[in-house]
Amino acid sequence: MVAFLLRRLAATLPVLCVVALIVFLMTRLSPGDPAAAIVGDNATTENLQRVRSNLGLTQSLPVQFVKWSWKLLHGDLGESFFTKRPVTELIGQRVEPTLALAGLTLVLTVLIAVPLGALAAWRHGGVLDRTLMSFSALGFSIPAFVTGYCLIWLFAMKLQWLPVQGYVRIGEGLLPWLRNLALPATTLSIVYTALIARVTRAAVAEALTEDFIRTARAKGVGEWRVLMRHALASAAVPIITVIGIGVALLIGGVVVTESVFAIPGLGSLTVDAVLSRDFPLIQGITLFFSVIYVLVNLVVDLCYLVADPRIRY
Amino acid sequence: MTTMPPTSSAIPLGPTEDAQPKPHARRSVGKALLSNGATRWGGGVLLILVFMAALAPWLNTIDPTAIDPGSSNLLPWTHGEFTSLSGETQSHLFVLGSDSLGRDIWSRALYGARVSLVVGLAVTALAVAIGLGFGLLAGYFRRIDGVLMRVMDGVMAIPAILFAVSLIALFGGTLPVVVFAIAVPEIPRVARLVRSVVLGVREEPYVEAAIALDTPTWLVLVRHILPNAIAPLIIQATYVCATAILVEAILSFLGVGLPAETATWGNIMAEGRSQFNQYPHNVLAPGLLLALTVLSVNVMGDGLRDVLDPKFNKRKG
C-alpha cells in the first residue's frame, strides 16, 4: 500500500514538471516584454533595464526556469502585476466560493447521475433509458452559460424563488449559502451528470451480463439489491475514473458559471486576470488548477483499491 | 476504409474487426451512413447551417458590425429603418431584434455561424493533423514514446479553457491565435487514440511482413498502419469539432476571445447579458443556435460511431 502510494506519487512528478515547464514557457515565449508591461510606456531605457534584471529576465532560460521552480516549491507564485500582492494570497482569497460551488456540484451530480445511470442500464432500452440518453446528448451540447441564463430567467426572474446572482459565505448561514449556490450548482452539474450517467449506464449494463448477477438472482436476492449492491459495486472502477476525468470539465465550467452568476471565485479571478493581462496571476491560477486536477486523479487511483479488492498494486 | 487490410480480432480499438470484403465495404458504409437516423439528422441540420452561413449576405442581412443608435433594443420581428453612420437609410426587418448599439442580431448571428464553423473545422484539422503525427511517432518509435506521452500528459493536466485563455492573453485575440489556443489542448486526446491503434497493430503479421520486405518506415506507417486509425479518427474529429465550437463561444462570452465587435455567437450573448432581464432573447437566441449546432455535430458523431465502429455496436448489444 505504502509502496504503491510512493510509486504513484513518483509517477505524477514528471507530469507536474511538464505542467510547470509549459506554464513557464508560455509567458517567456510570448511576444510581449513583462518588464515593459510593468514600467509602462513612459519608462527610460535604464529603468527598463533595471526592472528586467530585477525580474531575472537577463539570465538564460534554463537558469530562469530553475530559479522560478525553486520559488514555486516554496509556495511563491510571484506577485500580481497590478495589485502588487502575492499571487498565492489573491488565490487564497477566492478559493472558498469556487470550492463550495465545485463541491456542491460534485455531490449533486453523483447523487443524481449514478442512480439514474444504473436504473437506465437495468431497464435497458426502456423509457427512462431513452430519455436519459437524449438528455445526456443535450447536456453535452448546451453550454453552461445558456443553461445558466435559462435557469435565471425561470427560477429567479419569473418565479422569483431564488436570487439572480451573487454569493454568500457559508459562515453567514447555511440556507442563504445554499439558495445562492442552487442555480449555479445545477447549471454546472448538467454537463457532468450527462457524462457520469452515460458511463454508469454502460458499466452497469456490462456488469449485469456477468455470471455472478445470474447467481445472485438465482439464490433469490431482490432486484434492487442485485442492482445496487452487486452490479453497481462491480461497475465502480469506470465510474470513479470518469468522476476524476470529469473534474477537468468541472474546472472549465467553474470559470463560465462564476461569470454568469457573478460569484467572486477563482473563475472570475481568471477572467479579470486575462482582461488585465496580469501574467503572474494567470500563471498561478493555471498551475493551481492543474495541480488540483493531478491530485484529484491521484485520489481516484487510490479509490480503486477500495472499490475493487481484486486490484493489488 | 476500403484499403483496410484484413486483421485478426486482437485489435483493441480498431474498427476493422468485422471488415467486409473490399468491393462491398465502401458501398455499405455509405448506405449505412445514409440509413442511420443520427447521421442523417445531425448531418442535415449541419448542412442547413452551413448553407445559411455561406449565403448570409443574401438572407436579409446587413453589415453585422454596423451600428445605428436610432434603432437600438428592438424586439424580434420588428419592421424598422436602419441608418448607417454614413447616413444611408434602408428599411429592414429585424428578424431577431437589435442590440443596445442598434446592430441587427439576425445578421450578427448568421455571420457568427461562419466564425463558429470556421473555428470548428480549423481546430479539428489542426488538432487531428498534429495529434495523428504525434500518435504515429509515439506508437511506432518506442524511444520517442516515453518523452512525447509525458508531454501529452502534462498538456492534458492543464484545464483546456485555462490553457486557451492564457495563450490568448499572451498572443492577442486574433482568429489564428484562437484556433491554435483551442486546438492545443485537444492534441493529446487525438495522439493517445492514434497511439493505441498503432500499438494494437504494430505486431500484426502484415506489418512485420512489410518491414521484412524492406518497406521504408514512412510507407509502413502510411500504408499499413494509418488506415486502421481512420475510422476512430473520424469519430474523434466530430467530438473535437463540437468542443471547439463550444469553447470558442465560451471565450467570446467571457470577453477574452475574438474582439467584441466581431460577430460571433459568444459576443452577441456577452453584449446582451447586461440587459438580460429586459431582453432575454438577445442571450437566448444565439445560445439556442449554438446548442443546436453543437448537438447536431455530437449526434452525427454518435451516428458515425455506430456505423464505423462495429465493436461498439456489439458491446451495446
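These legends describe close-up views of a predicted model.

Residues are numbered from 1 along each chain as its sequence is written, while chains are lettered from A and ligands numbered from 1 in the order in which they are written. In this predicted model, local features need pLDDT of at least 70 and side-chain atom pairs count only at pLDDT 80 or more, whereas totals for chains, interfaces and linings use all residues.

**View 1. The helices of chain A.** Chain A holds 13 helices and zero strands, where helices (H or I, at least four residues) and strands (E, at least two) are DSSP runs numbered from the N terminus. Its C-alpha trace spans about 85 × 55 × 35 Å along the principal axes.

**View 2. Chain A against chain B.** The contact (C-beta atoms, placed from the backbone, within 7 Å) takes 38 residues from chain A and 37 residues from chain B. On the side of chain A that touches chain B, the elements giving two or more residues include α1 (2–28), α11 (236–261) and α13 (279–307).

**View 3. The largest nonpolar core.** This core, a set of buried Ala, Val, Leu, Ile, Met, Phe, Trp, Tyr and Cys residues joined through C-beta atoms within 7 Å, has 162 residues, of which B:A109, B:A164 and B:I182 touch the most other members. Here a residue is buried if 20 or more other C-beta atoms lie within 10 Å of its own. Helix α9 (residues 217–254) of chain B gives the largest share of the core, 19 residues.

**View 4. Surroundings of B:A164.** Leaving aside neighbours within four places in sequence, B:A164 is in contact with B:A181, B:I182, B:P185, B:V247 and B:L251.

Terms used: A residue is buried if 20 or more other C-beta atoms lie within 10 Å of its own, exposed if 12 or fewer, and partly exposed in between; C-beta atoms are placed from the backbone. Two residues are in contact if their C-beta atoms, placed from the backbone, lie within 7 Å.
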